2 protein chains.
Amino acid sequence: MHIRAAGTRLRPHLDPTPLVRSIPLTQEIGRPAYLKLESFQPVGAFKVRPALNSILCRLGECRARGVIANSSGNFAQAVAYAAALNRVDALIVMMRSASRFKRDRTVEFGGRVALCEDSFEARFEMTERLRRDTGRLLLHPYDSIETIAGDGTLGAELAGQIEGDFDVFVPVSGGGLIAGTALAAKAARPGCRIYGAQAERNPATKLSLEAGQPVLGKPAKSLADALTVLKPGARTFPIIQRHVEDVLLVSERSLAAEVRWLATHQKLIAEPGGAASVAAARLAPPEYGRPIVCVISGGNVAPELLRRLLRESPAA
Amino acid sequence: MHIRAAGTRLRPHLDPTPLVRSIPLTQEIGRPAYLKLESFQPVGAFKVRPALNSILCRLGECRARGVIANSSGNFAQAVAYAAALNRVDALIVMMRSASRFKRDRTVEFGGRVALCEDSFEARFEMTERLRRDTGRLLLHPYDSIETIAGDGTLGAELAGQIEGDFDVFVPVSGGGLIAGTALAAKAARPGCRIYGAQAERNPATKLSLEAGQPVLGKPAKSLADALTVLKPGARTFPIIQRHVEDVLLVSERSLAAEVRWLATHQKLIAEPGGAASVAAARLAPPEYGRPIVCVISGGNVAPELLRRLLRESPAA
């Protein structure tokens with residue numbers, strides 16, 4: 001219901017992203033394989049869905065008070081973009097260690113960035129302090145109803161683009177995208193199966209599923225800078241528990257290999273976190289004939305990193 | 001008529017390629033801008049359309065005799081792919097100086113490659129000799145009816161993806177793609193306008209239009225290794241004369257800049273020849289509200305070249 005309303009809200013502003021059949025991936029994994037190109041969103045990542053929905057849901061208040069958010073980079077760009085589109089003032093808190101590329105693009109899209117020390121605690125504290133001091137409205141990157149509904153528009157869109165049941169692989173950080181996608185996909189097509197992809201180095205949701213409750217992971221550096229949240233959300237986790245079949249962990253090596261693979265065989269630029277779905281799909285058991293969809297959740301990789309990833313010899 | 005039949009012939013084998021709205025290009029040139037992603041074809045270039053149509057038109061003969069073709073690389077891959085798909089034996093003549101990347105992919109797709117010296121005469125002679133000696137059927141890269149009809153399916157597809165009149169920018173080498181696209185687009189939508197894009201260094205079709213007849217250009221090295229044909233075809237040229245508004249010449253610097261731009265802002269990998277359409281579109285006079293379509297004709301750029309192009313500082 002929330003997701004359908006979000007779809008109506010976003011339609012005038014966002015084109016559906018292409019779902020393309022990948023012949024090379026189909027050949028390699030032996031199942032019909034599709035890529036859902038969220039890297040084609042205006043900010044190069046799916047995050048524009050939740051950011052725009054969050055702002056449009058409370059537009060008057062956002063305009064009057066301004067908004068504040070925190071992010072490792074893709075939600076930052078999305079909030080900046082969605083805010084500028086709606087004449088809303090946006091302030092985004094990012095860690096000093098966040099991708100410079102993503103920070104610069106956030107500013108290009110019209111956002112103001114406040115930098116904090118390199119920890120989630122510091123980011124949370126600065127965001128809270130600035131929110132109180134300025135009276136801005138906080139936009140949550142993954143755990144609000146508006147965010148999850150905005151994320152869910154991806155699942156609804158997907159169900160309109162492909163027939164029959166399918167398995168969908170979704171990169172996971174705080175869990176908003178996979179929670180929304182799972183709700184929407186299973187509402188439209190109950191036989192669908194939903195799989196998450198996390199970096200081995202940041203397996204918070206996988207560990208939480210095993211523990212039966214949200215557990216706090218340890219901060220670790222990964223190529224997948226978009227998938228670093230240390231604990232699934234209080235709202236997203238129960239949805240994931242109920243609707244997601246499994247979360248698969250992928251190595252740094254495979255993240256790099258998939259960025260290269262997508263560049264060479266699909267002519268697509270994905271960021272490592274965005275390519276995690278492809279790495280995960282290769283780990284899934286073969287199942288004759290059942291289509292898989294890999295959500296390429298973002299493409300915001302700095303040119304220098306991309307150049308390095310293109311150079312490295314393919315993983316064995 | 002040929003084009004419609006080609007569309008029916010190709011449909012079971014090729015998905016329509018996405019037409020995506022480019023928000024950054026729209027903002028930069030001030031007209032609604034779309035990209036037609038032929039880089040997403042199974043061989044990474046539009047050439048699979050004419051190759052597949054040429055083979056399917058005479059499948060029995062192709063199977064009995066085998067086929068032969070010559071190419072700078074994209075038609076080579078396409079013939080190899082289309083032949084393997086239809087259990088046809090394919091031999092492709094390429095110059096020693098052709099892109100190693102494209103040559104290797106041709107072999108990967110199942111083609112056999114014969115190398116010749118670095119001139120169009122040598123390539124033509126070797127192709128003719130091998131054709132006579134082996135009895136293979138020659139597939140023309142741009143100047144047969146089957147090729148032009150296959151190319152034309154792009155224009156027909158486009159007319160089904162966008163409403164109203166539009167201007168389309170098409171990279172030009174031998175002229176097959178622009179001739180076919182012009183025929184199909186203007187048949188469906190007579191108000192459409194068709195523009196070609198050639199490298200300044202290889203302006204054969206532009207010079208021929210000025211001369212009123214096909215003239216032979218001088219061989220020159222360009223980043224756009226896919227756009228090197230020295231003279232428009234006997235069949236393609238009259239179609240271009242009649243249906244193409246103009247051919248625009250683009251610099252080496254702008255080809256490099258557009259490859260970088262597409263990577264950064266669209267998360268797309270285009271080869272320099274495939275990005276020529278975007279460079280040309282920026283040269284077109286602004287015209288309020290009339291949409292433009294840039295055909296990204298191919299994405300087969302070697303990783304080393306891509307790395308170099310991503311490194312260079314943006315053109316001023």
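Helices and strands here are DSSP runs, numbered from the N terminus. The model is predicted.

D118(A) sits in the loop that links β5 (112-116) to α7 (120-134) of chain A. A98(A) is 20 residues away from D118(A) along the chain, and 8.4 Å separate their C-alpha atoms.

**Domains of chain A**

Chain A divides into domain 1 (2-45 + 152-311) and domain 2 (48-138). Taken over C-alpha atoms, the centres of domain 1 and domain 2 of chain A are 23 Å apart. Their contact takes 19 residues from domain 1 of chain A and 20 residues from domain 2 of chain A. On the domain 1 side, α1 (2-10) and α8 (145-161) of chain A each supply at least two residues. The largest share of that side, three residues, comes from α1(A). By class, the domain 1 side has 10 nonpolar, seven polar and two charged residues.

**Strand β2 of chain A**

How many of the five residues of strand β2 (residues 33-37) of chain A are buried? Five of five are, and the strand is mostly covered. Both faces of β2(A) are covered. A33(A), L35(A) and L37(A) are buried on one side, Y34(A) and K36(A) on the other.

Strands of a sheet pair through backbone hydrogen bonds, either parallel or antiparallel. β2(A) has a pairing of each kind: antiparallel with β1 (residues 19-21) of chain A and parallel with β10 (residues 292-296) of chain A. Y34(A) of β2(A) is the bridge partner of R21(A). L35(A) stands opposite C294(A) in β10(A).

| Strand pair | Sense | Bridges |
|---|---|---|
| β1 (residues 19-21) and β2 of chain A | antiparallel | three bridges |
| β2 and β10 (residues 292-296) of chain A | parallel | five bridges |
| β2 (residues 33-37) and β10 (residues 292-296) of chain B | parallel | five bridges |

**The sheet in chain B**

Chain B holds an open sheet of six strands, in the order β1-β2-β10-β7-β8-β9, with mixed pairing. Which strands lie at the edges? They are β1 (19-21) and β9 (246-250) of chain B, each pairing on one side only. From one strand to the next, the twist averages 25°. Within this chain, Y34(B) stands opposite V293(B) in β10(B).

**The nonpolar core**

The largest nonpolar core has 204 residues. Which of its members touch the most others? They are V79(A), F169(A), V79(B) and F169(B). Setting aside neighbours within four places in sequence, V79(A) is in contact with A51(A), V67(A), A69(A), A90(A), I92(A), G111(A) and L139(A).

**Where the chains meet**

Between the chains, 20 residues of chain B are in contact with 20 residues of chain A. β1, α12 (252-266) and α14 (303-311) of chain B each give two or more residues to the chain B side. α14(B) provides the largest share of that side, five residues. The chain B residues that touch chain A divide into 11 nonpolar, four polar and five charged.

Technical notes. Residues numbered from 1 in each chain as written. Chains lettered and ligands numbered in written order. Predicted model: local features only at pLDDT ≥ 70, side-chain atom pairs only at ≥ 80, totals over all residues. Helix = DSSP H or I, 4+ residues; strand = E, 2+ residues; numbered from the N terminus. Pairing = 2+ DSSP bridges. Axes fitted to C-alpha atoms, helices over the stretch in contact; angles between N-to-C directions. Domains from an automatic or database assignment. Contact = placed C-beta atoms within 7 Å. Nonpolar A, V, L, I, M, F, W, Y, C, P; charged D, E, K, R; others polar. Core = buried A, V, L, I, M, F, W, Y, C linked by C-beta atoms within 7 Å. Buried ≥ 20, exposed ≤ 12 C-beta atoms within 10 Å, placed from the backbone.
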